[in-house]
Amino acid sequence: MSGILCVFRHCLALVLVRWVLELHCMAEVQGQQVPRIQLRLAGRRKKGNEGRVEVYYDGEWGTICDDDFSIATANVICKELGFLHAENWVPGAKYGRGKGRIWIDNVRCTGSEKSLAACDSNGWGVTDCKHTEDAGVVCSEQRVPGFRFVNTLDNNIEEEQLQVQDVRIKGVFGSSRKRLPVTEGYVQVKQDGEWKQICDADWTAMNSRVICGMFGFPAEKGYNVKIYK
C-alpha cells in the first residue's frame, strides 16, 4: 500500500511540476518584450483612414508583404493607429509600391495583440516578397475616443519624398472661371498625375503669398476656408 502511495505522490508531483512549468511558459509569452515600432498609412490614397501599411523599425521605414495577411492583422494595425477597427485589407500594392525594406512577411495576428510587433511572422526583414506585394488596409472612419500614441518615435515622413508636379488655382464661381487669369478659387497641387486639394489646417497669409507669387501676382488679397465648401 505504501508503495502505491509513493507512486501516486510521485505522479502528483510530476503533474504539479508540469502545471507550474506551463504557467511559467504562458507568463513568459504574455509578458514578452516586443520592439518599439511605429505605423503609418502611406501611398496613393483618398482618405486618411486607408493606405499602404508602413512600419518604422530599427531606424528605417518599411512595408509589409501581403502573404498570410488577414482581417485580424488589419484590425491590430488599425487599432494601433487609433481607429476602432478595420473595414478591409487589400493586397498587391493597391496604394502604390513602397520603397526600402519589406520588414514583415507571413504575418499572423490573432486580433488580440496590442501591437503588430507582437504578431507571429518570419522575423524582421526575413522575406522573399517584392514591393508588388505590399499590403494595405482600410480602417474605420471612427477614431478611438481619447486615443493617444504611446510611442514617441519620430515620424520621418520626409522619406516619402512627396513631389508636387504642378500647382493651380481652380476657379469655382462662374465669373472666376471665365476670367483670365484666374485670381481666386481652390488651390490644387498635382501629384502622381492627379489634382488634389490642400487642407486648410495651419494655412496662413504667407502660404497665400507664395501661391500668388508663383503666378506672378505682387501680393495676396486674402484667403477664405469656408466660401468654397
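Rings of Phe, Tyr and Trp (its six-membered ring) form a pair if their centres lie within 6.5 Å; planes under 30 degrees apart count as stacked, over 60 as edge-to-face and the rest as tilted. With this in mind, select Tyr57, Trp103 and Trp124, which ring pairs link into a cluster.

The model is predicted, so local features need pLDDT of at least 70 and side-chain atom pairs count only at pLDDT 80 or more, while totals for chains, interfaces and linings use all residues. Residues are numbered from 1 along each chain as its sequence is written, and side-chain values use heavy atoms, with hydrogens and water left out.

**Aromatic pairs**

A search of the whole structure finds five aromatic pairs. Select Tyr56 and Trp61 next: their ring centres are 5.1 Å apart and their planes stand at 50 degrees, so the pair is tilted. Both Tyr56 and Trp61 are buried; buried means under 20% relative accessible area, exposed over 50%, and partly exposed in between (1.4 Å probe, protein chains only).

Then select Phe69 and Trp89, another tilted pair, with centres 5.1 Å apart and planes at 45 degrees. This pair links distant parts of the chain, since Phe69 lies in the loop between β3 (60-64) and α2, and Trp89 in strand β4 (residues 86-90), 20 residues apart. Helices (H or I, at least four residues) and strands (E, at least two) are DSSP runs, numbered from the N terminus. Phe69 has 5% relative accessibility and counts as buried, whereas Trp89, at 23%, counts as partly exposed.

**The largest nonpolar core**

A nonpolar core is a set of buried Ala, Val, Leu, Ile, Met, Phe, Trp, Tyr and Cys residues joined through side-chain atoms within 4.5 Å. Select Val55, Ile64, Phe69, Ile77, Val107, Leu116 and Val137: of the 25 residues in the largest core, these touch the most other members. The largest share of this core, four residues, comes from α2.

**Helix α4**

Move to helix α4 (residues 205-214), where Ser208, Ile211 and Cys212 are buried. They cover an arc of only 95 degrees around the axis (taken from the directions from the helix axis to the C-beta atoms), which puts them on the same side of α4. The face turned away from this buried side carries the exposed residues Met206, Val210 and Met214. Finally, select Gly216, which follows α4 and has a positive phi, near 85 degrees.
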